[in-house]
Amino acid sequence: MPVGYSSPTQSEITEDLGLSVAEFSLFGSLLTIGAMLGAVISGKIIDFLGRKGTMWILNLFYIGGWLAIAFTKVSWLLDLGRFVLGFRNGIAGFLMPVYVAEVAPKNLRGTISALGTLMVCWGLSFMYVVGSFVNWRTLALIATIPGLLQLPLLFFIPESPRWLAKVGRQKDLEVALQSLRGDKVDISEEATEIKDYTESLQSASEGSILDVFQKKYIRPLLIFAGLLILQSLGGIAAIAYYSGAIFLSAGISSMVGLVTLAIVQTLLGALGISLVDKVGRRPVLLVCSAGLCLGSFLTGLSFLLQDFNCWDQGAPYFALIGLLLYMASYTLVAGMTWLLVSEVFPVNVKGSAGSICNFVSNVFNWIVAYFFNFLIQWSSAGIFFIFSAFCGASFLLGAAMVPETKGRTLEEIQASMFSHSME
C-alpha cells in the first residue's frame, strides 16, 4: 500500500505542506531509500528472528509509519514516516516470497505466491481509488487498518518448518509442518527430507554471508540480481509512485486513469493466479516482461505523438492502454521473480542472496523514483522509450537464463542446480 500512496496525493500534499518538486521527489523516493536499508539486513533479520518473529516487528513499523504521515504538521515527519514504511517494505518484500515458498506445498506454491502479489496490487489499487476521493491524511489513517487487523492473526500463523530445521528445532518443525498440511496428513517423509537436506547444507557451509559468493551460487545470483536491476530500470517505481501525474500529463483524467488501473490490475491479477502452477513460472515471467516492454513503448509513443501534435484526440489512449498493460504485467512479474529467488537458493544462503538482490533492486528503484520527475520534464517520450528498452533487456535475460521450477519441492529444485557442486 505505501507504494501507491504518493500517486493520488501528490497535489494535495504539495499544496498543504508547501513542498517543491524536489521536496516531493525526495518524499516519494524515501520509500525506496528506506527499502534499501531494509534490504541490506533483510536476510539476516529473517534468519535471526525467524519468519514469524520478523512479521511482528514489521507490523509495528507499518502502523507507526502511517501514523507519522497522518498526523504530521512538518515535512520532516512526513519524510520519516515514508522512510519507516520503506524500511519495512525492504524487509517484507523478501520475507513474503520466502515464507510462502517454505510453507506451501509444491503444487500450490506458485498460486499462493501469486495470490500474495495480487493482494499487494489490491493495496496499490485501493490507494489509487480511495485516494481519488479522500484527503491524504484520511488515506494514511485508513492504511493503518490492515496492520491492526493482522496483529491478532499473527498468533495463529505457524513458523517456517525449514527455518526451524535450520536452527535445530526438530520437534517444532514437525508441529509446524503438521499444522500446515493438516492433522490427517502423514508428514514424516517431507519432514525427513527437510531435515536431511538442511543438515547436508550446514555440514558443507559455515553459514557466513560470504558463502553466497561460492562458485556454485554466483551464476544464479548474477542472473536474478541482473533481472531485478533491469526490472527496476524498466520504471516500476516511477509509474507506481507517480501514475496519477503521468495520466494528467498524457491528457487523461487522473481519477479515471487510476480507477481503471485498479480494475484492470485486479482482473488480470486474478487470471494470473490460475496460470502460475499450470503453465509455470518461466512462461508467466516472459509474457509479463514482454507486456512491460510494450506498455512502456505505447506510453512513450503517446507522448511522442503529442509532442509533434499528431492525432491529438487519439494519442492519450495509447498512454492509457500502455499504463494499464504495464501495471497489469507487473502484477505478476515481480512476484514471479522473487518466488524464483526464494525457490532457487537453499536455506543456508537464502538470506544473503535475498539481501543482495533486494538491495540492488531498491538502489535502482530509488534512482528511478528520484530522477523521474526531472527526466519527464526533459523528455516525456524519451524516458518511457528508455524504460521499454530495459524491459526488453529483462525479457531477453529471462528467456536465456531463468530455469523452470514448478511442480518440484525446494529440495528437489536446489539439488538439481547445486548437487554437482556439493560433491
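Visitor: Which residues make the nonpolar surface patch of about 610 Å²?

Guide: This is a predicted model. The patch covers about 610 Å² of surface and is nonpolar. Its members are V21, I367, F371, F374, L375, W378 and I386.

Visitor: Which helix gives the most to the nonpolar patch?

Guide: L375, one of the patch residues, lies in helix α15. That helix runs over residues 347-378 and gives the patch five residues. The greatest contributor is therefore helix α15.

Visitor: Is L375 buried, partly exposed or exposed?

Guide: The relative accessible area of L375 is 34%. Buried means under 20% and exposed means over 50%. L375 falls in between, so it is partly exposed.

Visitor: How far apart in space are I218 and I386, C-alpha to C-alpha?

Guide: I386 belongs to the patch, while I218 is found in helix α10, residues 215-233. In sequence, 168 residues separate I218 and I386. In space, the C-alpha to C-alpha distance is 28 Å.

Visitor: Leaving aside its neighbours within four places in sequence, which residues is I218 in contact with?

Guide: I218 is partly exposed, at a relative accessible area of 27%. With neighbours within four places in sequence set aside, its contacts are V212 and F213.

Visitor: What should helix α13 span at 1.5 Å a residue, and how far apart are its end C-alpha atoms?

Guide: Helix α13 has 27 residues, 281-307. The expected span is 1.5 Å times one less than the number of residues, so it should be 39 Å. The end C-alpha atoms agree with this, being apart by 39 Å.

Visitor: Which residue with positive phi follows α13?

Guide: The phi in question is near 55 degrees. The residue is N309.

Terms used
Residues are numbered from 1 along each chain as its sequence is written. This is a predicted model: local features need pLDDT of at least 70, side-chain atom pairs count only at pLDDT 80 or more; totals for chains, interfaces and linings use all residues. Side-chain values use heavy atoms; hydrogens and water are left out. Helices (H or I, at least four residues) and strands (E, at least two) are DSSP runs, numbered from the N terminus. Buried means under 20% relative accessible area, exposed over 50%, partly exposed in between (1.4 Å probe, protein chains only). Contact means heavy atoms within 4.5 Å. Patches are made of residues with over 30% relative accessible area and no salt bridge: like charges are joined within 9 Å, nonpolar side chains (Val, Leu, Ile, Met, Phe, Trp, Tyr) within 5 Å. Accessible areas come from the Shrake-Rupley method with a 1.4 Å probe; for residues, only the protein chains shown count as cover. A salt bridge is a side-chain nitrogen of Lys or Arg within 4 Å of a carboxyl oxygen of Asp or Glu.
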